[in-house]
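Biologist: I have the sequence and the model open side by side. Please take me through one part of the fold closely, then set it in its surroundings.

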Amino acid sequence: MRGHVELGDGVHQLTVQTGVNVVVLRDDDGVVLVDAGLDRPGLTARLARLGIAPSDVTRVLLTHAHPDHIGGVRRLRRSGSAASVAIGRDDLAVARGLADPPAAEHLGGRLFSRLPAPGAWGRSVPIPDASALEDGQQLPIAGGLEVVATPGHTVGHVAFHLPARDVVIGGDVVFNVFSLRPAPAFLCWRSAPNLASVARLAALGAGTLALAHGQPVTDDVAGRLSQLIADG
Ligand SMILES: [Zn+2]
């Protein structure tokens, strides 16, 4: 199936809209999604092709509170999912609709975030019942999942490490759209901590890096991430 890559036992990267991926974690307890894509069609149809109904999704873990990651939650729930939703503590107020994101350092980012575009930006759909994830938190998912704080793209961005599957889910710390790059500065809250987060991902030593934008990295993950840091 196009737009579908199996990254490990029960770990699937799934393209749900053009240029937007989610990760599907299947185990005996049900289905966990990492990110939910945009508030547009795509997610439930793609899940159906894997034999997954919305009601099978028990939990959504969000890497950060941007509309191309959290927007799909509302559609998923309208389609019959009772999934709980969790996000990094420092993005929680934004996800709940209680606060605006802190201003970006890059002028382009401050202007871009004010565009009324219905695409990846503009306002997020609030998720009032979202709960907080903490750095280092362990969840009993896919053989053990660890929350890894990776701030920079947003203030509360988190990645998810699955040591038993040798996979790390990196969200938007890096993009692999034209080439592997740190998230562009104009899309970030702050670039310097994002580069530190690239280093944090490299240090995990996982064999596969799943990404929200672009193909997963399956060869020399640590070496390629280290090169991005060296390139600064
Ligand atoms: Zn994104």
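In what order do the seven strands of the open sheet lie, and what is the pairing?

Modeller: One caution before the answer: this is a predicted model. The open sheet of seven strands runs in the order β1-β2-β3-β4-β5-β6-β7. Its pairing is mixed. At the edges sit β1 (4–8) and β7 (131–133), and each of these pairs on one side only. Neighbouring strands in this sheet are turned against each other by 30° on average, ignoring direction. Strands of a sheet pair through backbone hydrogen bonds, either parallel or antiparallel.

Strand β5 covers residues 57–62 and runs parallel to β6, with four bridges between them. One of the residue pairs to look for is Leu 61, whose bridge partner in β6 is Ala 86. Strand β6 covers residues 84–88. Four of the five residues of β6 are buried, so by the cut-off of 20 or more other C-beta atoms within 10 Å, this strand is mostly covered. Ile 87 has Ala 132 of β7 as its bridge partner.

The largest nonpolar core has 66 residues. Those touching the most other members are Val 22, Leu 25, Leu 33, Val 60, Leu 62, Ala 95 and Phe 160. Strand β3 (residues 20–27) gives this core its largest share, five residues. In soluble globular proteins, nonpolar side chains tend to be buried together.

Centre your view on Val 22. Leaving out residues up to four places away in sequence, Val 22 touches Leu 14, Val 16, Leu 33, Val 34, Asp 35, Ala 36, Gly 37 and Leu 43. Leu 33 is also among the core residues that touch the most other members.

There is another open sheet, with five strands. Its order is β8-β9-β10-β11-β14, and its pairing is mixed. The edge strands here are β8 (138–139) and β14 (208–210), each pairing on one side only. β8 meets strand β9 (residues 145–149) in the antiparallel sense, over two bridges. Leu 139 has Leu 145 of β9 as its bridge partner.

Next, helix α6, residues 191–204. Its 14 residues should span 20 Å at 1.5 Å a residue, and its end C-alpha atoms are 20 Å apart, so the two agree. Buried in α6 are Ser 191, Asn 194, Ser 197, Val 198, Arg 200, Leu 201 and Ala 202. An α-helix has 3.6 residues a turn, so residues three or four places apart point the same way. Look for that spacing in Ser 191, Asn 194, Ser 197 and Leu 201, which are among the buried residues. After α6 comes Gly 205, with a positive phi near 70°.

Finally, step back to the whole chain. Its secondary structure comes to seven helices and 14 strands. The C-alpha trace spans about 40 × 40 × 35 Å along its principal axes. A compact globule of 232 residues would have a radius of gyration near 17 Å; the chain has 16 Å, which agrees. Of the 232 residues, 46% count as buried. Among contacts with a separation of 6 or more, 65% come from residues 24 or more positions apart.

Notes:
Residues are numbered from 1 along each chain as its sequence is written. This is a predicted model: local features need pLDDT of at least 70, side-chain atom pairs count only at pLDDT 80 or more; totals for chains, interfaces and linings use all residues. The expected span of a helix is 1.5 Å times one less than its number of residues. A residue is buried if 20 or more other C-beta atoms lie within 10 Å of its own, exposed if 12 or fewer, and partly exposed in between; C-beta atoms are placed from the backbone. Two strands pair if DSSP finds at least two bridges between them. Axes are lines fitted to C-alpha atoms, for helices over the stretch in contact, and angles run from 0 to 180 degrees between N-to-C directions. The radius of gyration is taken over C-alpha atoms; the globule rule is 2.2 Å times the number of residues to the power 0.38. Two residues are in contact if their C-beta atoms, placed from the backbone, lie within 7 Å. A nonpolar core is a set of buried Ala, Val, Leu, Ile, Met, Phe, Trp, Tyr and Cys residues joined through C-beta atoms within 7 Å.
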